[in-house]
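Hi,

Here is the structure I promised to pass on. Have a look at it first, and then read my notes below.

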Amino acid sequence: MTRGVLEVLLVDACILKDTDLIGKMDPYVVIKFGDQKRKSTVARRQGKTPVWNEKIKFDIMDYAGNTSDEHHPPQYKLNLKIMDKDTFSKDDFVGELTICVDHLLAQGMVNGKADVYPFNYSIVGSKQSENGEIRVGLAFTLNQAGEYENKEEKSKKKKHGFHLHRKHDGEKKSGGWKKAFKRHRKNDGEAEEEEGEQAGEEESASSESDQEEEVEEAGEEEEGNVFEKLGALLESLGDL
């Protein structure tokens, strides 16, 4: 598959018949190449002598070679249709012409580039009558396969880099989330350990306090028993 660019230079035109009865025509050109269609700007109020000086490009996606000869009609054609732009009614047909570009493409395939200096082509109006001339230049530039391969490789690398970037971002985001979750779990664990230690200390303090109270109560009971024994001893001595 060969790829290139066909460039059409619309220079100007000299039209014999004006389609507008009042005022001047507003000519524009519709160009077709295969299934591609382009439209020029409108030459506002320029009548029968419009000037465009406009370049219009077409993509040549594949080229089977120049097969046109006395037995085979031209395969690659440009069809130009000149129209008059109307505001309140349907646009008027001015004329049309066909330009064969087989030889131009074939020359460009060999040399990498080919062009045709602006030339006056006859405009065929309604009822196949001549309706002036239009000046058109042509150029074809071949895009080397290597250039397309490099573009495709760059595009693939760019897409691959984009996916890697997205992947790394995802890993970073995922890693950050996991780390934050681990830190959260760790902080929760440390908080639980601190709460357990505090509860243990409180339980230990409570147990020690209870033991001290029991010792004090036991001491008080023993002290009361001693006094009772001393009282009984004194009473017995008094009886004597």
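Let me start in E5, where Met 83 is the bridge partner of Tyr 28. Before I go on, some ground rules: this is a predicted model, so local features need pLDDT of at least 70 and side-chain atom pairs count only at pLDDT 80 or more, while totals for chains, interfaces and linings use all residues. Residues are numbered from 1 along each chain as its sequence is written, and side-chain values use heavy atoms, with hydrogens and water left out.

Back to the strands. Helices (H or I, at least four residues) and strands (E, at least two) are DSSP runs, numbered from the N terminus, and two strands pair if DSSP finds at least two bridges between them. E2 and E5 do this in the antiparallel sense, over six bridges. E2 is also antiparallel to E3, with four bridges, and there Ile 31 has Arg 38 as its bridge partner in E3. E2 and E3 make a hairpin with two residues between them, and Gly 34 in the turn has a positive phi of about 65 degrees.

How enclosed is E2? Six of its seven residues are buried, so E2 is largely enclosed by the rest of the structure.

Zooming out, the protein chain has two helices and eight strands, in the order β-β-β-β-β-β-α-β-β-α. Buried residues are 26% of its 240 residues. Taking contact as heavy atoms within 4.5 Å, residues 24 or more positions apart account for 62% of the contacts with a separation of 6 or more.

E1 (residues 3–14) has two antiparallel partners on my list. With E8 (residues 130–143) there are eleven bridges, and Leu 10 stands opposite Val 136 there. With E4 (residues 51–60) there are eight bridges, and Glu 7 stands opposite Lys 57.

Now the aromatics: there are two pairs in the structure. Phe 33 and Phe 58 are tilted, at 6.0 Å centre to centre and 55 degrees between the planes. That pair links distant parts of the chain, with Phe 33 in E2 (residues 27–33) and Phe 58 in E4, 25 residues apart. Both of these Phe residues are buried. Phe 119 and Tyr 121 are edge-to-face, at 5.1 Å and 75 degrees. Tyr 121 counts as buried because its relative accessibility is 17%. The cut-offs: rings of Phe, Tyr and Trp (its six-membered ring) pair if their centres lie within 6.5 Å, with planes under 30 degrees apart stacked, over 60 edge-to-face and the rest tilted.

Which residues have the most contacts inside the largest nonpolar core? They are Leu 78, Val 101 and Ile 134, in a core of 33 residues. E1, E2, E4, E5 (77–84), E6, H1, E7 and E8 each supply at least two residues, and E8 gives the most, with five. A core here is a set of buried Ala, Val, Leu, Ile, Met, Phe, Trp, Tyr and Cys residues joined through side-chain atoms within 4.5 Å. Leaving out residues up to four places away in sequence, Val 101 touches Leu 6, Phe 33, Tyr 76, Lys 77, Leu 78 and Leu 138.

On to helix H1 (residues 102–111), whose buried residues are Asp 102, Leu 104, Leu 105 and Gly 108. They sit on the same side of H1 because they cover an arc of only 165 degrees around the axis, taken from the directions from the helix axis to the C-beta atoms. The face turned away from that side carries the exposed His 103, Val 110 and Asn 111. Among what covers the buried residues are E1, E4, E6 (92–100), E7 (113–124) and E8. Just after H1, Gly 112 takes a positive phi of about 90 degrees.

Last stop is Arg 45, in the loop between E3 (36–39) and E4. Arg 45 counts as exposed because its relative accessibility is 63%. Its C-alpha atom is 5.6 Å from that of Met 25, 20 residues away along the chain. Apart from neighbours within four places in sequence, Arg 45 is in contact with Lys 24, Met 25 and Asp 26.

Cheers

Notes: Buried means under 20% relative accessible area, exposed over 50%, partly exposed in between (1.4 Å probe, protein chains only).
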